[in-house]
Amino acid sequence: MRKCLCAAALLFALLFAGRLLAAPTTESLRKALPRFEGWKMETPFSMPEDGFVTVGADYYQGDRFFQFMVIAGPDAPSAGPLPEELEQDRAAGRAETEEAVFSFLTLGGFPAVKVELKDESGATIWVDLDGKGWLLLGGDGMTGAEIEKLLGKVDLKGFAGLVR
């Protein structure tokens, strides 16, 4: 009986420790937030949830602004920005709604979705970090090409390593 209790306690400790190790720490993600030349980063923010965390920062250049965020952890939302009814359009490389155009691309070896608003009021790119989380960069008044260029300066593989 004592061996069973010890084994059960050990199994519980290993499972719990594995769960803690699987979730990235807020601090590790904050430290990894990129710096973009010519852009001022505001104080980073974090929003811990059960099983996942969101960490990010706002960046300013004069009156221009964008937000960079990482959503990661074992229970991070798996759905991206694409409405479910448009998921079948992924193979075509492009989907469209009344408000936005969705383009499917690969950035740094990771699948991504570029969302550009038709009224040209802004764009966002969501990068799928191997199904373990999302990295987002979006800005008001910015084009998808501008955001893609900024994301080209981000160590996506480094972030993917942090969220595993």
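K114 lies in strand β7, residues 110-117; helices (H or I, at least four residues) and strands (E, at least two) are DSSP runs, numbered from the N terminus. The model is a predicted one, in which local features need pLDDT of at least 70 and side-chain atom pairs count only at pLDDT 80 or more, while totals for chains, interfaces and linings use all residues. Residues are numbered from 1 along each chain as its sequence is written, and side-chain values use heavy atoms, with hydrogens and water left out.

K114 has a relative accessible area of 13% and therefore counts as buried, a term that means under 20% relative accessible area, with exposed over 50% and partly exposed in between (1.4 Å probe, protein chains only). Its side chain is joined to that of E148 by a polar contact of 3.0 Å. A polar contact is a pair of N or O atoms within 3.5 Å; within protein, one must be able to donate a hydrogen and the other to accept it, and residues adjacent in sequence count only if both atoms are side-chain atoms. Beyond its neighbours within four places in sequence, K114 is in contact (heavy atoms within 4.5 Å) with V101, F102, S103, L105, T124, I125, G144 and E148.

V113 is also in strand β7 and is buried, with a relative accessible area of 2%. Its C-alpha atom is 9.5 Å from that of G93, a residue 20 positions away along the chain.

Helix α3 covers residues 144-151, and its buried residues are G144, I147, L150 and L151. Because these span an arc of only 125° around the axis, they sit on the same side of α3; the arc is that of the directions from the helix axis to the C-beta atoms. An α-helix has 3.6 residues a turn, so residues three or four places apart point the same way. A145 and K149 are exposed on the other side of α3. The cover over the buried residues of α3 includes β4, β6 (100-107), β7, β8 (122-128) and β9 (133-140).

Helix α4 can be read in a similar manner. Its buried residues are L156, F159, A160 and V163. They lie on the same side of α4, because their arc around the axis is only 100°.

The largest nonpolar core has 31 residues, and F36, F66, F68, V127, L135 and L151 have the most contacts inside it. A nonpolar core is a set of buried Ala, Val, Leu, Ile, Met, Phe, Trp, Tyr and Cys residues joined through side-chain atoms within 4.5 Å. At least two residues of this core come from each of β3 (52-61), β4, β6, β7, β8, β9, α3 and α4 (156-163). A second, separate core has 14 residues, including I71, A100, W126 and W134. Not counting residues up to four places away in sequence, L135 touches F68, M69, V70, I125, W126, V127, L129, L151, V154, L156 and F159.

A91 lies in the loop between β4 (64-72) and β5 (94-96). With a relative accessible area of 79%, A91 is exposed. A91 and F104 are 13 residues apart in sequence, and their C-alpha atoms are 8.5 Å apart.

For the whole protein chain, the count is four helices and nine strands, in the order α-α-β-β-β-β-β-β-β-β-β-α-α along the sequence. Of its 164 residues, 38% are buried.
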